[in-house]
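Here are some notes on the structure, written as numbered points. Please keep the model open while reading them.

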Amino acid sequence: EGIDYDHDDTASTEQPQQPRRLVAMDPILEALAGIPTLSKIALQLQLDSSKVTRLTDKTIQSLCEVPSRKYLMLHSCNLDDEHCNAISKALQDNKNTSMYSLSLAENEDISANGWCALATMLEKNYFLEYLHTDASERSYHSLPTSFPSIHCRAKMDHYLKLNRAGRGKLLLADHNNDDGGDGEENDTHKGWIELLIKDKEDLNVVFYVFQTNPPLCKHVELV
């Protein structure tokens, strides 16, 4: 029998291409989250979703839950709506009363639902004073495609302003004084009235204070 020298067996000798292994960043971030003395974390990772795995909701949540954490910046970390839900869940119960600043700029996968979840969280979070988004940090080099709507951003700013004015301390004092004497109650009323005087031009603040503390109407005369 003759030998076919023109036979091409290249296909049989080629090795099948192995799928690219994605890098997981979660162990590194979880290690950072586990450092109790680390009060400030600022990350701008510029993650390529074709090369790294999606950060788990648990990892993002753990970064928010450390009681000593004061500042958290997660820029370009491929955060999405589920991450926003995880952050909201971690911060709405006020267990971390130290966190005053959160920055989530340049995360293009966050939709209106994610931003709204964060705005709703602020109704119950009394200590976060700053929430930075692309809407307030637009770059001259590139315009973001993900940022809160005007209504959503206004809601965020309303509660952040109340927090900066000391809403958390006053509400905590109200809670602690439920069984207290008249002197303690008067001190709390004084705090709310001082907040009213400071922000009397902001009708949203005035409405919130009276809605939260109807008994103040007995102590305040509107001129």
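1. A contact here means that heavy atoms lie within 4.5 Å. Among contacts in the chain between residues at least 6 apart in sequence, 77% join residues at least 24 apart. The model is a predicted one.

2. The overall content comes next. The chain has 9 helices and 4 strands. Following the sequence, their pattern reads α-α-β-α-β-α-β-α-β-α-α-α-α. Of the 223 residues in the chain, 39% are buried.

3. In what order do the 4 strands of the open sheet stand? The order is 1-2-3-4, and the pairing is parallel. Strand 1 (40–44) and strand 4 (130–132) are at the edges with a single partner strand each, so one side of each has no neighbour in the sheet. On average, and with direction ignored, neighbouring strands of this sheet are turned by 5 degrees against each other. Strands of a sheet pair through backbone hydrogen bonds, in either a parallel or an antiparallel way.

4. Strand 2 (residues 71–75) pairs with strand 3 (residues 101–103) in the parallel sense, over 3 bridges. Leu72 has Leu102, in strand 3, as its bridge partner. Also to be noted is Tyr71: Lys40 lies over the face of this ring, at 4.9 Å from the ring centre.

5. Ser76 sits in the loop between strand 2 and helix 4 (81–91). Is Ser76 buried or exposed? Its relative accessible area is 8%, and buried means under 20%, so Ser76 counts as buried. Leaving out residues up to four places away in sequence, Ser76 touches Gln44, Leu45, Gln46, Leu47, Ala105, Glu106 and Asn107.

6. Helix 3 (residues 57–65) has Thr59, Ile60, Gln61, Leu63 and Cys64 among its buried residues. Against which elements do the buried residues of helix 3 pack? They pack against helix 2 (26–33), strand 1, strand 2 and helix 4. As a general point, an α-helix has 3.6 residues a turn, so residues three or four places apart point the same way.

7. The largest nonpolar core has 45 residues. Which of them touch the most other members? They are Leu74, Leu104, Leu118 and Met156. Apart from neighbours within four places in sequence, Met156 is in contact with Trp115, Leu118, Ala119, Leu122, Leu131 and Pro148.

8. Asp157 belongs to helix 6. Its relative accessibility is 37%, which means that Asp157 counts as partly exposed. Asp157 and Leu131 are 26 residues apart in sequence, while their C-alpha atoms are 8.3 Å apart in space.

9. The structure contains 1 aromatic pair. Tyr159 and Tyr208 form this pair, which is edge-to-face, with 6.3 Å from centre to centre and 90 degrees between the planes. The pair links distant parts of the chain, since Tyr159 is in helix 6 (residues 150–164) and Tyr208 is in helix 9 (residues 203–212), 49 residues apart. Both tyrosines, Tyr159 and Tyr208, are buried. In general, the distance of the centres and the angle of the planes describe a pair of aromatic rings.

Methods
Residues are numbered from 1 along each chain as its sequence is written. This is a predicted model: local features need pLDDT of at least 70, side-chain atom pairs count only at pLDDT 80 or more; totals for chains, interfaces and linings use all residues. Side-chain values use heavy atoms; hydrogens and water are left out. A nonpolar core is a set of buried Ala, Val, Leu, Ile, Met, Phe, Trp, Tyr and Cys residues joined through side-chain atoms within 4.5 Å. Buried means under 20% relative accessible area, exposed over 50%, partly exposed in between (1.4 Å probe, protein chains only). Two strands pair if DSSP finds at least two bridges between them. Helices (H or I, at least four residues) and strands (E, at least two) are DSSP runs, numbered from the N terminus. Axes are lines fitted to C-alpha atoms, for helices over the stretch in contact, and angles run from 0 to 180 degrees between N-to-C directions. Rings of Phe, Tyr and Trp (its six-membered ring) pair if their centres lie within 6.5 Å; planes under 30 degrees apart count as stacked, over 60 as edge-to-face and the rest as tilted. A charge sits over a ring if NZ of Lys or CZ of Arg is within 6 Å of the ring centre and within 35 degrees of the ring normal.
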